[in-house]
Amino acid sequence: MRGPAAARLGLGDRVRFGDHAWSVIGLDGEGVELVNALGQGAVCPVHQLVGKDGFEVLEQGPRSRPGPMPPHDVTPASHAQALWWERHIVEVISGRPPDTDPALPPRPAYDPGRRTLAEREAAKAEELAAAGIEGASARTVRRKRQQYQSHGLSGLYDRRATRISTPGRHVDPRVLDCLIAVLSAEEGGPGRPMEHYRQQTLRTVVDVHGGDESWLPSRSTFYRLLGLLSAGHTGQGRDQRVAQDGKPVVIAGGTWLSRPGERVYVDAVVLRTPEGKKRMRLTVAIDELTWSVCALTVDVVDRPADASAFLARWWTAATLHFPPAGHSGGAAGSPVGSRPAAPLIMPERIALAPGVFPPHSRFSALCRQYGVSLLPTSPMLVTSGEGKMHRLATRFTDCLAARPDAPTAGHWSARTVQVYAQEWVEHDWQHLEIEALRPVAEPDFAPTPSGAFAACVARQGWVHLPLPPTTYPELLPEVGQRQSPTGLKVRGRRYWGPALNGLRGPVRSVHADAYDPDRVWIRDRSGQWTDVPALGLERGAPPQVAVVREDATPATPVPSAAPGRRRQAPAHAPGEQPGPIRQGNLRRTAEVLLRQARIAHHATLSVPGDPLAREVRVAGERLLELNQYATTDRRMLVVTGPSGCGKTHAVRELAHRLVDTSRARRPDAPGPATVHVLVPPAATAREVLVRLARRLDVAPPARTAALSDAVEQALVAAGTALVVIDDAHGLRPATSSARPSSWDVLRFLSDQVPCLFAYTANTPDLNTLWGTDERGHLRRRATHVESGPITDMAVWRHLVRQTEDVLDLTAHQPGSLSAASAYLHERSRGLVGGLAHLVRSAAVQAILDGSESITRETFDHVP
């Protein structure tokens, strides 16, 4: 598995931190027991161990990797077949079978440097077919390879012969509970007609749960279930332990679970503060086996939950690495570092309840990227998870009402409630006795979430490791920001730190945690992430507008509109006292500079979270990687759509993202990482090549063929990653079949250079751009991204809300722009470019006329 669940620390592992190597000799639910070569011992919690300088796992001790089914359930024939498949699959993945000398070259058909993964799978299928193996198609090899990479050897077992069927798997668990209760009340076992038990179960469902007959399955299904339960299958009912090779398996919601993180349920519930004036949403990830809370966040109900920040805080244990500034545990009165931490559980499979995160969130994409499986929701799974969530939310609400500061609950913020929730989980919920956990924790541990987790650790012999802390800012969402001489303004707060002093030019990438406004993260030119604290928490004072004091002799710097640069004020002679006129001039100069910086910010304002920009970025990054390793038939990206839908902005955002990728590959490259060319109307191929040559500082030769060669050599030498041909609909078509068109010349050039050519065109489709028949070879090489108006109002309101967050107007009322979402959609016709124009014009006008706010009347004056 590539995901977070693959990072584990077990008995016998050797780790290094500081100047010593340590061996893991003990594990429990709270810490790791270590010993070094000198015999010195230490006990350290997992999150503190990972955060130590230079921490790394040197060697893993001998331990089996748990799979989705217990080992004793595998027949010898199935195990032998899995070992046989493993040898072939490893050769497909790495090029060499296991236990092969690494010095020997791989076979040509399986060489990863020369063959793609699909080609290696096809070659393996041909080899097995030639050997007489039936059913080993390329699709079968691909499926085996995916299962092996996800689950190891256990993914290759044939589960058909050992598949376990749980009675009542597809029946509502409440109905199943009532049926078991009815059968348990019968003395001497069931002996009445089956319809009697159906009616008794229906009455129990109505009395206990308030249901009706629609809750019950069909008569044939009910009779079949009754027969299974009557035949003695209740001995291993729901939530009972079944010992298998010393590792218990628990049935929860119809699924066999044996280890923490095997299935995690994520859901949200609405809370009310004790006074009932505020409604907040509590989003929780809870482990199905141990009932341990893996992560939680609190939001105001009218704002959507941030999926990226939720996963970042969960998978990197961010609340342990970066606790809230100045906070101390209120429940126990102890500081954050000394309070008992909740167990760290990384997910293998996630069951996400419907409607927890917005449909355009990155939750599914991040899970796929890190190898975490998303389970389809079913009534039984949702009912099982909702039961845990209801119990957790009810107890937490009672805890809030019992707090000493409950009378002031009307002033609680979402962040305050989140801190209370984290403390409550660590001190109350994790130590709450739950009867359903007795089968997991017995016989040596208390039936609590922490006790059940400790019991699993004792039986399995390993604990999860979080992702490295450096992954935390990568997972966070990118946010809009405004940069000025006084720092960064993100979501209405200003941030400043020494890291901003060393930057040249504007900050292009800022990531922020919606649940931790104390800091934001910026990426420097070397690709490293640096945190910038909020004003009031900064480690250095921000640059201030200089005012020369009467006792000041040296010149005092006055910051210009460009970040990182300083303009020197005129120095007066030693002993000369600057008069009030000079002081007033300095103040006015500083005010003008700040005003111009704010106007520049709003004049170049972009719409954060544009769906088109996100789609272009994903496709562009993928195509660039493909083109870097291809020798011919390189792909191109074509973005089409009406004018004003944000095509140029989308490719420019892609260019900003690819700058770091290009410089990481070739840090010594002398030329630009991206080249942008605007095509004039009816342009020939030579005119486009001349514009490319000028961007690359190449003198254009007289002959077109020599010009193409010169541009090709310049692009390769410069290490350019992206060439943007904007307004490509202006390229002149071929005048005759004997002469190549501009598209043919550019296609030939793109085949010779290991970079990505991206085109934008104001056409509805590719047929309008290239014709219907004669350009088939272009269409086969193009990845087409079609843009247009946004019709989903939920997505539109989200874009407007994010755009409003980056405004820097002193008198602007928060939420006024969001309230005008429908009006803005009508004015801009649902186009992102139209929205950006309206907001830019209104914001600049608000600064010029001094109103410092945007209203409906401001938009009415924008043409």
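I began with L282, which, leaving out residues up to four places away in sequence, touches D267, A268, V269, L271, L296, T297, V298, M389, L392, F396 and A421, a contact being heavy atoms within 4.5 Å. The model is predicted, so I noted that local features need pLDDT of at least 70 and side-chain atom pairs pLDDT 80 or more, while totals for chains, interfaces and linings use all residues. Residues are numbered from 1 along each chain as its sequence is written, and side-chain values use heavy atoms, with hydrogens and water left out.

L282 is among the residues with the most contacts inside the largest nonpolar core, which has 84 residues, and W314, W315 and W429 are the others named. Such a core is a set of buried Ala, Val, Leu, Ile, Met, Phe, Trp, Tyr and Cys residues joined through side-chain atoms within 4.5 Å, where buried means under 20% relative accessible area, exposed over 50% and partly exposed in between (1.4 Å probe, protein chains only). Apart from this core I found another, of 35 residues, including V675 and W743.

Next I turned to the salt bridges, of which the structure holds 24, each a side-chain nitrogen of Lys or Arg within 4 Å of a carboxyl oxygen of Asp or Glu. K388 and E288 form one at 3.0 Å, N to O, and these two residues lie 100 residues apart. Both K388 and E288 are buried. R313 and D513 pair at 2.8 Å, N to O, across 200 residues of chain, and both are likewise buried.

Methods
Helix = DSSP H or I, 4+ residues; strand = E, 2+ residues; numbered from the N terminus.
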